[in-house]
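Reader: Could you take me through this structure? I would like to begin with the charged contacts and then turn to helix packing and the surface.

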Amino acid sequence: MAGWGRVGRRRTKSAGDGSASSQPRRLAGVRRLPLRTVLLIIVFVPSLTFTPLLASGMFQLSSQWRAEKAQMDLATKTVGVPASDLFFSLDKERRLTAETQADPGGAAAGRLAKQRTVTDQAVGAFRPLTSLDTGKAPEGLADAIARTDRGLNLLDEQRRAVDAGWASPQKAFDYYSGIIESDLRVLTVLSHTDEGEVNSSAQTLVDLFWVVNMIGREDAVLARGWKTGRLTKDEYGLVTDAAGTRKHLLRSQVIPSLTGDEKRYETLMTGKAWEAMTALEGRLTPSGNQVILRGDSAGWRSSVDTVTEQVTQLLRLRLDAVSKIGYDHAGMLFVIFISVTSVGLLALGLVIFTSWRLTSILRRRILHLREDAQELQERLPKVVARLERGEDVDVDAEVHMLKPTPDELGALGQALNLASRSAVFTAVRQAEQHRGFQRMLQRIARRTQILIGLQLKKLDELERKHEDPEVLEGLFDLDHLTARLRRYEENLVILGGGQPQRRWRKPVHLLNVLRAAQGEVQDYRRISIDVEGESWVSERAVGPLVHVLAELMENATTFSKPMTPVEVRAAPVSRGVAVEIEDRGLGMEPEQYAAANALMKSPPQLDVMTHADDVRLGLYVVARLAASLGLQVELRSSAFGGTRVIVLLPEALIVDRPRAVPEESAPAPASAPAPAPEPARPQEEEPAAPREDGQLPTRSRGRAMAYVTAPTGIPDDALPPSARRPLPQRVRQASLVTELKVPANTDEQTEQETWARREQPSRSSATIGAFQRQSRRRRTGDDAFQPRPDGSSEPGSPTTEDR
């Protein structure tokens, strides 16, 4: 049974190769990601790319808004207000200081003291600016504040010098003018913002501060000259420079940039106060190294105060305009920031949602295609199974067509439709071809069986005609080979999907079934049969059971040594009858036993063309016949090192002894009289037993070995069929003289001597002739044989439906 092991290994290897070749090829170096991962990448990559861009834009807008707001807060509140208050306080203190120095005991001293108090308050509000965080402020603001603070540190010292008369008027003028210019530097730096429109408007605001400064410079210089009525050349130069700068700033910088409510100050330089002031300036007459002041100081004071007030009002309007422009622009940036943030977040959410939605739709469509492919994978085996059962399959009804869509997935679905239809159509066509091949195989096998039946008939005729022992021996060998050939043809029928056509109308004794199986084995002489009990096999299971047992017996003899016996034992068990076939060969590996037993439990639908190169098809034949009968076949390792096969016949195949079958008579001794005629056999076909020198090498439990011999006395040809005697039996060595008899103690004989003696020819021509004649007469009186194609009766000949 090692042959079946090799078949199992070959089948396992080819199955392994098929599984390996059926796997999809994978490109080297390519890492395939799951579909969900790919779709998540499609969703998050654009989102992650868009998020930094959105965050960068939001950060820039936020930074710009915060910077402009901080700059406007500095210009209009934090720094601008203290700096402008300090500017106006110092400008007024400069003029009062000059008047006090010109008239120490006059009324100007009291006004100066009050003004110093106001200036001190302005200085106290300005000094905290030195510790201000100027990180978001315009560049240079910290230096301007620090420079102004250093100048203010000398304010008390300068005041004391003025009060003590240590400081000259020019020195005091220069000190106050320097602090005022430092403060103007602070205001100038505040006008440099990140917004161009704010910068343009703030520049006009700074020019107005310089106009006020020029008026204050000129007023402070003239305040000293009104007491003496004269000015020095240097003082006159200061006055003319201040007057010229004032006029230039107003005429070329301030008035052209006036807008809105500021338009009403376009006539500032044509007003009465301006004309009165310029008229007094025109009365300054140089005389040698001095300049004579002509005019009323009260008129000068009135016109200067009026012009200064007008410029201050214009300055406040410009300051409000600059503040409005700056805060409006900062507010616009904030609105843009909020809008961009909202729109960006909404867009980001929309991108994520849209990408997720589209990828979900894409994944759902791909999964739908995958489900269709899996459905095809599940449906195709069912279609093949239906085709194997012989059912008709409609290709159009079995293929679930997908609705095409005008995109790539639609093209893929259309390709899947074509693949589905092609797969089902191919399966149907292959099934039809397979069924056609099976029908052709069965047709050829049936026709061959007819020829085999004719050959058996011809051999039977020849056996009846000839009595020569040598000729009969050759004819018996041909008869045996023909019986084996008939089994091989039945293998083709079974592999083609058919069933053996040998039929029995009544149950058959299990011993006869085993003998018939033994007779279809080439090396049948090595098989010994031991049957326990009286078991009868159902008529429907006789033919397939003979075939199964013959295949197992032949496999046991083929894969074991020629001189070793093959033991066949049959005995009733709790669930039926167990038949054991045990050889003494090499056996198989454990995995081969497992593969063979698995095949016995679930026989495959054998594709003959796939296994066309394997001549050892007995495993598949046994599996299919066992499955059809309900037999349980199991292969195990034998204690002799070979293989033991256990065939369990279920109770459904075991029947009671038929009433028409008589009890078998015991063998008669050599000196006993001729046996009485036995009743005629029931009309059924008995399986043919092997012929070996006229002997049946079988034994039944409780009986000795029996041989068939020719009867003595009246020939059966003269007796009616009902009175004919059964085939006589003889006792071993009964016809031998005492000297030639073998001792009865056969236990001392070796097994090799026993089998060697069985191989020796010991029959005579008379014995063979008598056996042949009696056998022919018994068959002539048996009408249970199935009719041949020509109307005659022959065991195992195919019926009409085999053709």
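This is a predicted model: local features need pLDDT of at least 70, side-chain atom pairs count only at pLDDT 80 or more; totals for chains, interfaces and linings use all residues.

Reader: Understood. How many salt bridges are there?

Author: The count comes to 29 salt bridges. One of the pairs is Glu-218 with Arg-246, whose side chains meet at 2.7 Å, N to O. This pair links distant parts of the chain, with Glu-218 in helix H8 (residues 196-228) and Arg-246 in helix H9 (residues 233-254), 28 residues apart.

Reader: Is Glu-218 buried or exposed? And what about Arg-246, buried or exposed?

Author: Glu-218 counts as buried because its relative accessibility is 1%. Arg-246 is buried as well, with a relative accessible area of 0%. The cut-off for buried is under 20%.

Reader: Which residue forms a salt bridge with Lys-263?

Author: That residue is Glu-266, and the N to O distance is 3.4 Å. Glu-266 has 36% relative accessibility, so it counts as partly exposed. Lys-263 is partly exposed too, at 42%.

Reader: Where does the Glu-580 and Arg-569 pair sit?

Author: The side chains of Glu-580 and Arg-569 meet in a salt bridge of 3.1 Å, N to O. Glu-580 belongs to strand S8 (residues 576-582) and Arg-569 to strand S7 (residues 566-573), so the bridge ties together parts that are 11 residues apart in sequence. Glu-580 is partly exposed at 21% relative accessibility, and Arg-569 is partly exposed at 25%.

Reader: What lies 4.6 Å from Glu-580, C-alpha to C-alpha?

Author: Ile-646 lies at that distance from Glu-580, although the two are 66 residues apart in sequence. Ile-646 is found in strand S10 (residues 643-650). With 16% relative accessibility, Ile-646 counts as buried.

Reader: Back to charges for a moment. Which residues are linked in a network of salt bridges?

Author: Arg-95, Glu-99, Arg-111, Asp-219, Arg-301 and Asp-305 are linked in such a network.

Reader: Let us move to helix packing. How does one describe a packed pair?

Author: Two packed helices are described by the angle between their axes and by the distance between the axes.

Reader: Then what are those values for H3 and H4?

Author: The axes of helix H3 (residues 80-102) and helix H4 (residues 108-126) come within 9 Å and cross at roughly 155°. H3 and H4 are therefore roughly antiparallel to each other, the cut-off for that description being over 145 degrees. Their crossing is left-handed.

Reader: And what about H14 and H16: at what angle do they cross?

Author: Helix H14 (residues 469-495) and helix H16 (residues 542-558) have axes that cross at roughly 110° and come within 11 Å. H14 and H16 are therefore roughly perpendicular to each other; angles of 65 to 115 degrees count as such. H14 passes H16 in a left-handed crossing.

Reader: Now the surface. Which residues make the nonpolar patch?

Author: Leu-33, Val-38, Ile-41, Ile-42 and Val-45 make a nonpolar surface patch of about 380 Å². Of these residues, Val-45 is found in helix H2 (residues 35-78). Val-45 counts as partly exposed, because its relative accessibility is 46%.

Reader: Finally, some contacts across the sequence. Which residue has its C-alpha atom 8.2 Å from that of Ser-168?

Author: It is Gln-101, which is 67 residues apart from Ser-168 along the chain. Ser-168 lies in the loop between helix H6 (155-164) and helix H7 (169-190). Ser-168 is partly exposed, at 36% relative accessibility.

Reader: And where is Gly-151?

Author: Gly-151 is in helix H5 (residues 141-152) and counts as buried, at 17% relative accessibility.

Definitions and conventions
Residues are numbered from 1 along each chain as its sequence is written. Side-chain values use heavy atoms; hydrogens and water are left out. Patches are made of residues with over 30% relative accessible area and no salt bridge: like charges are joined within 9 Å, nonpolar side chains (Val, Leu, Ile, Met, Phe, Trp, Tyr) within 5 Å. Accessible areas come from the Shrake-Rupley method with a 1.4 Å probe; for residues, only the protein chains shown count as cover. A salt bridge is a side-chain nitrogen of Lys or Arg within 4 Å of a carboxyl oxygen of Asp or Glu. Helices (H or I, at least four residues) and strands (E, at least two) are DSSP runs, numbered from the N terminus. Buried means under 20% relative accessible area, exposed over 50%, partly exposed in between (1.4 Å probe, protein chains only). Axes are lines fitted to C-alpha atoms, for helices over the stretch in contact, and angles run from 0 to 180 degrees between N-to-C directions. Angles under 35 degrees count as roughly parallel, over 145 as roughly antiparallel, 65 to 115 as roughly perpendicular and the rest as oblique. A crossing is left-handed if the near helix is turned anticlockwise from the far one by less than a right angle, and right-handed if clockwise.
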